[in-house]
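Please look at the structure first, and then work through each solution step by step.

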Amino acid sequence: MNRPVAALRPLDPVSLKLFVAVCEEGSVARAAVREAMVASALSKRLGALEAELGTALLVRHARGVVPTPAGEALLARAREVLAAMQRARAELGEFAEGVQGSVRVLASPSVLAEKLPDDIGRFVAQHPRLRVSLDERVSADIVRALLDGAADLGVLWDQVDIADLVARPYRRDRLCVVMAPAHPLARRPSLRLAEILTEPSVGVAPGGLMDRLLRREAARAGAELTHRIQVSSMDAACRIVAAGLGLAVLPREVAVPHAGAGRLALVPLAEPWAERQFVVLTRARSRTSAAARLLAQELESVAE
């Protein structure tokens, strides 16, 4: 029988943190590694949490665990509670150090590879009493963190469902075909995607937004996108292309620094979708700190 609500004690933040880790990892073992503890101790803690609440929170199967409906409800609330505690702890610690505010920014790999670090660096230099943290996340995780209150700003490509978040324009970039200077296509003034689909290529961040875009457009051209090599970063892709192992579709703004001394040839990708718009995401004004609004306005001011 479920325990009456009045008999429940306040939930332990440590147990909530462990529960969130297990749900995000989908495995007690992986969550234990992430939280630097023994898996049996973590399982015992989860069992105590379920006993305390009087309901099952997780369904265990051969490949790991998934939350029950009650677990899904607790997961959403646990993220809110932990995010609020983290913000309170950070803000109080920073007041003790004389810092007037803090902003946590999450950015997609594409944005981090371009001008965002420089733009934030200038902002920090102009506002030395504000503390800004910057972390890399994929777009879907950025949106979720903002909705959960675990981040203040998100900077990412606008090709994502932003739910109830507020979007401000940021910088743009342009996709190009990057190849070794000796490649037969290197002297072309521009290229269409259909013209390079049979060439050996280097894929970046499989499953990411740009990878999905290229696969979708290749399918529209009646072809399947396949890569000789797949890497997780654009810097690695530039090095592999420079070695003559294939070509890659990359943002020009990322490839230019690697193209010095004739190491790479950059040919514009002549497609209407090759120009990308980045945006700065925040929650509604009433749920965004003054420091976060100030940084969002600064990033919007550099929009091209």
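**Exercise 1.** In this predicted model, determine how helix 6 and helix 11 pack, and which residues make the contact.

Solution. Begin with the geometry: helix 6, residues 116-126, packs with helix 11, residues 290-301, at an angle of about 125 degrees, and their axes lie 10 Å apart. Because of that angle, helix 6 is oblique to helix 11. Next take the handedness, which for the crossing of helix 6 and helix 11 is right-handed. Then list the contact, to which helix 6 gives Leu-116, Asp-119, Phe-123 and Gln-126, while helix 11 gives Leu-294, Leu-295, Glu-298 and Leu-299. Sorted by class, the residues of this contact are 5 nonpolar, 1 polar and 2 charged.

**Exercise 2.** Carry out the analysis for helix 1 and helix 3.

Solution. Helix 1 (residues 13-25) and helix 3 (residues 39-53) pack at about 110 degrees, with 10 Å between their axes. Angles of 65 to 115 degrees count as roughly perpendicular, and therefore helix 1 and helix 3 are roughly perpendicular to each other. The crossing in which helix 1 passes helix 3 is left-handed. On the side of helix 1 the contact is made by Val-14, Ser-15, Leu-18, Phe-19 and Val-22, and on the side of helix 3 by Leu-42, Arg-45, Leu-46 and Leu-49. By class, these residues divide into 7 nonpolar, 1 polar and 1 charged.

**Exercise 3.** Find how many aromatic pairs the whole structure holds, and state what lies over the face of Trp-157.

Solution. A search of the whole structure gives 0 aromatic pairs. Turning to Trp-157, one finds Arg-276 over the face of this residue, at 5.0 Å from the ring centre.

Key: Residues are numbered from 1 along each chain as its sequence is written. This is a predicted model: local features need pLDDT of at least 70, side-chain atom pairs count only at pLDDT 80 or more; totals for chains, interfaces and linings use all residues. Side-chain values use heavy atoms; hydrogens and water are left out. Axes are lines fitted to C-alpha atoms, for helices over the stretch in contact, and angles run from 0 to 180 degrees between N-to-C directions. Helices (H or I, at least four residues) and strands (E, at least two) are DSSP runs, numbered from the N terminus. Angles under 35 degrees count as roughly parallel, over 145 as roughly antiparallel, 65 to 115 as roughly perpendicular and the rest as oblique. A crossing is left-handed if the near helix is turned anticlockwise from the far one by less than a right angle, and right-handed if clockwise. Contact means heavy atoms within 4.5 Å. Ala, Val, Leu, Ile, Met, Phe, Trp, Tyr, Cys and Pro count as nonpolar, Asp, Glu, Lys and Arg as charged, and the others, Gly among them, as polar. Rings of Phe, Tyr and Trp (its six-membered ring) pair if their centres lie within 6.5 Å; planes under 30 degrees apart count as stacked, over 60 as edge-to-face and the rest as tilted. A charge sits over a ring if NZ of Lys or CZ of Arg is within 6 Å of the ring centre and within 35 degrees of the ring normal.
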